[in-house]
Amino acid sequence: MKISLRANVKRGSLAGVASVGAAALLLTGCGPAPQAGSPSATASDYTGCIVSDSGGFDDQSFNQSSYEGLKKSEKDLGIKVNQVESKTNNDFEPNLRAMVSAGCNLTITVGFLLGDATKAQAAANADKHFAIIDVGYDKPIANVKPIIYDTAQAAFMAGYLAAASTKTGTVATFGGIKLPTVTIFMDGYADGVKYYNEKKGKSVKLLGWDKAKQDGSFTDDFEKQDKGKQLTQNFLDQGADIVMPVAGPVGKGAGAALKEAKAAGKDVKLIWVDSDGFLTAPDYKDIMLSSVMKQMGSAVETVVKEDKDGKFTSEPYVGTLANDGVQLAPFHDFDSAVPADVKSELDQIKKDIVDGKLKVESAASPKA
Amino acid sequence: MTDQTQPHHPDGNPSGPDADKHEADKHDTDKHHTDKHAADKHDAGRPHTDKPHADRHHAPKPADEETAAVVSLDTAGGAMGPSAVPATAQSGKIPGGPETLVRRIFTGSGTVSVLAVLLALILGGLLIALTDKQVGATASYLLARPTDFLSAVWNAATRSYVALFQGSVFNPRGGGIGGQFAPLMETLTIATPLITAGLGVALAFRAGLFNIGAQGQIIIAGILAAWTGFALHLPVGLHLLLVLVAGIIGGAFWGGLVGYLKARTGAHEVILTIMFNYIALYLLRYLLNTPAFRRPGESNPISPILDPSAVYPQIFGSQYRLHLGFLLAIAITVFVWWLLNRSTVGFEFRAVGANPKAAQTAGINVSRSTILVMAIAGALAGLSGVAQVAGTEKVLTDGVAATYGFDAITVALLGRSTPWGTFAAGLLFGAFRAGAVQMQIQTGTPIDIVLVVQSLIVLFIAAPPLVRAVFGLNPRRKKPVTAGKSKTAATTGGAA
C-alpha cells in the first residue's frame, strides 16, 4: 500500500512538473515563425582568439576586461572570435594548440601563468601572432606582443588621494595573492602615501603593505570574500578609514565590511582596482572614493586592430598614465568631497609622472 | 589497537611466506574464479573471518556483531582458511561497518556505471540545448513551427557531442593519420595523472579508507620531483629516475603520514587528508615565494623549467604531448591489480576494508595495513605529480595538481575501485577534458558543461536505484519490502 501510494505521488508530481513545463512552453511559444533569410554574415575572415587563465571570463578582473575588449572588436571590426576558458593550469597548452589549429590569426593569452605555454606555441607557429596580458619577456619574441601595465603610476595617485582624504591618519591596503601584478598596486599606493607625508609634513600611516620588506596582508586567493571582510575589519579596528583591496572579487568583502562600518556611523571609504568600481561594483557606490584602472579592454582592441591592419609588432604595449593605459577613475559622488587643491595636486602629480619628473618605481614594474 | 588479537597468534603474522605461496598457487590454477570462490574452496591455513551469508546476495539480514565476533573467534585458532571478501562483492549492510553507505556507493554494478554515464550525457545534452541561442529563438515560435525547435535541440546537443568526440578520439578533419588521431593522444595524456591518482584513491577505498588527500599527495610529490628536476643537473636516465623516486617518496610520505596518524591516534582520515591538502597547498605557495623555487631575476611564483634530462620522453614525437608516464600508468594498473588480487598485503587490505574488526580479530595488523595502504595510495598519487611536472607542465606552479586530486575520487568511484575500472574511468574523464576544448571552440559550449556531466555521473553512481528506475531496471512486482531502498542495494552487489 505504502509503496503504491508513493509511486502515485511520484507520478503525480512528475505529471505536475510536466504540465507546468508544457504551460511555460505554450506561453512563450506562441510567437510567429520567422521568414527564411540569411543570417548576418561576418564581414572579415580575420579571427581573434582568447585563452583565459583559471579565473575564467567572468572573473571581474583581467580575464573579463580582455574578453570584453575582444568582444568589442568583434562588433566594431567585424572579426570572428573564438574563446576558450582554462579551468586549470593544465588546460593552457591544449587550449593554445587548439586555438592555433582553429586558424586564429591572433591569440590573446591572459596572465603570467600562460607565459611558457605562449612562448612555446609562438616558437612552434611562427606564422601566427600572439599577445599576452601582464607578461613581459626578457628577450622579445618576434610574434608575441606583451601587454603590460605600469600600474604603480595610477596607484601612486590613489595613495596620495587616500592620504589627503583620511580623517583618522591611517589608510590600508591588502592583496589577493602575492603576485607582482598585485604588489605593483600596493607599491604605488605606499609611495603615494609616503609622497604626501613628505610634501605636507604629515605622518599618515599605511597598514597592510611594507614596501621595503615587500610583505603585507593577503587573502591568499581571489575567491573568499569573507577573508577580505575580516582583514578590512581588522584594519578598521586599527583605525584605518580608507581601504584599497587588490584582490579582484574579494574586494567586495572589503566593501561589505566598510558598508557595515558606515552604517555604524563611521566615515569610511573604498578604493577599487582594475575597473571603475563606481560602474562595475555599484553596490558600494556610496563609499567609492575612486578606482585605480587598468584599461585592458582598450589595449586588446588596439592590438587586434593593429594586427588586422597588418601593423603587428612585438614591441610591448605598456599601459601608463601617459597613454591612459592606467588611470585614476573619476570621483563620481565624492567629487565635491575632494578639495580643489587636492585635485590640482593630483593633476600635477600626473603631469610630473608623465613628464618623468616624478619616478614611481616598483620591484614589479614592467622592465621596458 | 591490535593487542587483543595477539594471544591467538603468537607469531603475530598470520600470512607467512608459506601461506603466500600456497595461496598464489591456488590462484594460478583458478584464475577465472573470483577471489571469494577461490578462497572458499581453498582453505589456506588462515582464520575464517567471513560468514556464509555474505556470499549470497538475497540472504537474510546479517547477524549482529556479536555473532560475527564469535564466529571469528571460533575459527581463529582452527585451521580454517581465509575468505577474501572483496569490497565489491559486499552486499547490503556489513556488521560493525559504520560506512555502509560509503560502501554501497563504491560497489554499484558495472551496468549502473555505464548507465550513469549515459544518463549524465543525456542530461548534459539537454542543458546544452537549454542554453543554446538557436533553441531559445525557435522556442519563441514553438507552436507555429515545432519542428524548428526540435531540430534546434537535436542540433545543439549533437553538435556539441560530435565536437567532444572529435576533440577526444578522432578528428576526421585532422591533417593525415597523425592529425586525425592527435585528439586520442591528448586524451591519453590527460588520462595519465587521472589514472594513477585514481588508483591511489581506489586502493584506499578498498581498504575502507576515504582518501580525499590525493590533491595534497600530488602537490608534495610535485614539489620534490620538480625541485629534483630543475635544481639538480644529472645525466640522462639517472635524472629522470631520481625525479620519479623523489615524487613517489613525496607522495608516499604525505599519504603514509595520514595513515600513521589514523593508526596511532584514531583521527579520521577524511579530516586528516582534507587538512593535509591545505597544508600541502600553502607549503607550495610559500616555497614558490622563496628564491630557491623562483626563476632567477623574476618575482612571479613559478619555478624554473625542468632540465630536459628530467622530463619523460614523448612517446610519439614532439607533436603529441603523450609521454612515457602513460606507459608507466598501464604498468602501475597491472601492479595494483596484482597487489589487490594476488598478494598477501592486498588480501589484508581488502580484509581490513571489508570488516576491520573481524580482520583484527583474525590477527591482521590493522594499524600496519592502514599505514601501508595510505603510503602506497600516496605513492600512486605521487606518480600523478611526477606526470604533471615531468610530463606535461615541466614547471612547478601553485596549480600543479590542477583538480586531479579531486577528479581522482570521481574516477575511482566510476571505476568501482577496481584497478581496470579505474583505468577505464580515467580514460573516459581524460576524453571529457580533452574534448571539452574542441567543444568550446567549435560550438561555444562552455567547458562547465563537462564539469556538470562529471558531477552528474557521481550523483547517479551514488544513487543506483535512481538510475535503474530511470531505465526501468528495478525489479517490479516484488513484495513491498523488497522494493525498499535497502534491498535494492543488495541486488547491486553481485556484479563484481
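In which loop of chain A does A:Gln214 lie? Keep that question in mind while we get our bearings; the answer comes with the loops of chain A.

What you see is a predicted model, in which local features need pLDDT of at least 70, side-chain atom pairs count only at pLDDT 80 or more, and totals for chains, interfaces and linings use all residues. Residues are numbered from 1 along each chain as its sequence is written, while chains are lettered from A and ligands numbered from 1 in the order in which they are written.

Let us start with confidence in chain A. The score used here is pLDDT, the predictor's confidence in each residue, from 0 to 100. Chain A has a mean pLDDT of 86, with 88% of its residues at 70 or more. Within this chain, confidence is lowest in α1(A), where the mean is 47, and highest in strand β6 (residues 170-175), where it is 96. Residues 1-15 of chain A have a pLDDT below 50, and beyond near neighbours in sequence this stretch has three contacts in the model. Residues 37-42 of chain A are also below 50, with two contacts beyond near neighbours in sequence. Here, two residues are in contact if their C-beta atoms, placed from the backbone, lie within 7 Å. Where pLDDT is low, the predicted coordinates should not be read in detail.

Now for the make-up of the two chains. Chain A holds 11 helices and 14 strands, whereas chain B has 21 helices and zero strands. These elements are DSSP runs numbered from the N terminus: helices are H or I with at least four residues, and strands are E with at least two. Of the 368 residues in chain A, 51% are buried; of the 496 residues in chain B, 52% are buried. A residue is buried if 20 or more other C-beta atoms, placed from the backbone, lie within 10 Å of its own, exposed if 12 or fewer, and partly exposed in between.

Five of its six residues are buried, so β6(A) is largely enclosed by the rest of the structure. Three bridges join β6(A) to strand β7 (residues 205-207) of chain A, and the two run parallel.

A:Gln214 lies in the loop between β8 (209-210) and β9 (215-216) of chain A. Most residues other than glycine have a negative phi. A:Gln214, though not a glycine, has a positive phi of about 55°. It counts as partly exposed, with 16 C-beta neighbours inside 10 Å. A:Asp134 also has a positive phi, of about 70°, and is not a glycine. You will find A:Asp134 in the loop between β4 (129-133) and β5 (144-149) of chain A, and its 27 C-beta neighbours inside 10 Å make it buried.

Leaving aside neighbours within four places in sequence, A:Ile148 is in contact with A:Asp134, A:Gly136, A:Pro316, A:Val318 and A:Pro366. A:Ile148 counts as buried, with 22 C-beta neighbours inside 10 Å.

Turn next to chain B and its helix α12 (residues 269-288). This helix has 20 residues and reaches 28 Å from its first C-alpha to its last, close to the 28 Å expected at 1.5 Å a residue; the expected span is 1.5 Å times one less than the number of residues. The buried residues of α12(B) are B:Glu269, B:Leu272, B:Thr273, B:Phe276, B:Asn277, B:Ala280, B:Leu284 and B:Leu288. They cover an arc of only 140° around the axis, which puts them on the same side of α12(B); the arc is that of the directions from the helix axis to the C-beta atoms. These buried residues pack against α10 (214-231) and α11 (238-265) of chain B. On the face turned away from the buried side, α12(B) carries the exposed residues B:Tyr278 and B:Tyr286.

Finally, look at where the chains meet. In this model, 30 residues of chain A are in contact with 31 residues of chain B. On the chain A side, the elements giving two or more residues are α1 (2-28), β2 (80-84) and α3 (92-101).

Definitions and conventions: Pairing = 2+ DSSP bridges.
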